[in-house]
Amino acid sequence: VPGFHYTDGALHAEGVALSAIAAAVGTPTYVYTTEGLTAAWRAYADAFAGQDVTICYALKANSNLAVIRTLAQLGAGGDVVSVGEMRRALAAGIPADKIVFSGVGKTRDELVAALKAGIHQINVESLPELEVLSAVAVELGVDAPIAIRINPDVDAETHGKIATGRKEDKFGIDFAHAGEAYARAMALPGINPVGIAVHIGSQLLKTTPFRKAFGKLAELVRDLKAHGVPLSRIDLGGGLGVPYKPEDQAPDYPAYAKAIAETVGGLGCHVTLEPGRSLVAAAGLLLTRTIFVKEGLHRRFLIVDAAMNDLVRPAMYEAWHTVIPVAQPAADAVLADADIVGPVCETGDTFARLRPMPPVAPGDLLAFLTAGAYGAAMSSTYNSRPLVAEVLVSGAKFEVVRRRPSFEDSLTLEQMPDWLSP
Ligand code: LLP
């Protein structure tokens, strides 16, 4: 993985030993590398070198300001799904005209904020949303540039909780209702229907479902254009996966680019992509320290100081994250199965079951790999555990880019009602 490597028997993030980060910042801590982010960006830039494509990074995967800014400086726009993400995108330096607003349930206030900020495009997902947006745009005296997100009824062949383009999923407007929706969009004041959008799901390792969805969309675009809809933009969403398990095959970027060129390339529309995971996952790991090793009758448990509140993917999607020791194991180290678990009081707080692991002792540092996407972004304070800290590395330098809140910080949002005062 670009950015992480063993040097002199110790795992490093670029030029920084992870043990040094643990000593300075404590654990659990997410560590991101600039090198990894840059390499992920390059993979897209290289694959799309011949095509005019705008890449709007889906902030939901990792909304740390320093991570966003690193990608923004490489040329990324932003795909946001809340006013909070929109403000983060702007704060990190993404210009408004490179921001796309997605999401099935934008509130009126969020639509107002988006129009006031003058963002590039709002991806509308329902007729009621279209009506509210029209009213808001008229009120503000602006035209809202919109794309309508279409549900293409294509199975992304990924985990059920992150497939979004099947007909029973909540996202987008049914393929069969597209004509009606655009007719309404053309008729409504304050609405400028410039685009069409699709996003079929996340963690796709194969490009065939993309090809299927983009092909269907291309047909629809031709049809809509023939009926006078002035479409000039296509937003193909995100979804390209990353290898998590050693046996996972990395997606074929050139094949993905080719599928896009061959399906929507000839439509005369500008293409936007919204990748999240693939830009940040491999660039991050979660650094944790082993608290105890419990030798049970039936299992060996490695109990670590990270928990499901810090990295929820295994509990939520049965996701696999490779776990490696920070001190490089000897080449002839004997592997033995272990369950790797956190301190939270739920059996679901299990990162790995019967995972072959080299010897691990209490106090040893471990790293959960491929944790840069949907890791810190989905963290919580369950069990009154402080939000996990985040560090960004660049060369031989590292910086805490989100500090771990203190216990006092965690109390500041709460107050005691009068009747409970002593
Ligand atoms: N665009 C839209 C409209 C989306 O809903 C998403 C992700 C993306 C772009 C970015 O997709 P990506 O390139 O990251 O696959 N928490 C889950 C993943 C949820 C994805 C939600 N939508 C996980 O940890 O696997």
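Analyst: The UniProt annotation "active site", from an unreviewed entry, covers Cys345; UniProt positions are given in the numbering used here, feature names are shortened, and annotations may be inferred rather than shown by experiment. Residues are numbered from 1 along each chain as its sequence is written. The model is predicted, so local features need pLDDT of at least 70 and side-chain atom pairs count only at pLDDT 80 or more, while totals for chains, interfaces and linings use all residues.

Cys345 lies in the loop between strand E17 (336-341) and strand E18 (350-357), where helices (H or I, at least four residues) and strands (E, at least two) are DSSP runs numbered from the N terminus.

Pro275 is buried because it has 25 other C-beta atoms within 10 Å, and Gly276 is buried because it has 24 C-beta neighbours inside 10 Å. Leaving aside neighbours within four places in sequence, Pro275 is in contact with Tyr44, Ile55, Tyr57, Ala58, Gly238 and Leu240, a contact meaning that two C-beta atoms, placed from the backbone, lie within 7 Å. With residues up to four places away likewise excluded, Gly276 touches Tyr57, Ala58, Lys60, Ala61, Gly238 and Ala373.

As for backbone geometry, most residues other than glycine have a negative phi, and most peptide bonds are trans. Thr370, in the loop between strand E19 (365-368) and strand E20 (389-394), has a positive phi near 55°, and is buried, with 25 other C-beta atoms within 10 Å. Glu318 has a positive phi of about 55° although it is not a glycine; it lies in the loop between helix H11 (313-317) and strand E16 (323-325) and is exposed, with 10 C-beta neighbours inside 10 Å. Finally, a cis peptide bond with omega of about -5° joins Thr27 and Pro28, and Pro28 is placed in the loop between helix H1 (18-25) and strand E4 (29-33).

How values were computed
A residue is buried if 20 or more other C-beta atoms lie within 10 Å of its own, exposed if 12 or fewer, and partly exposed in between; C-beta atoms are placed from the backbone.
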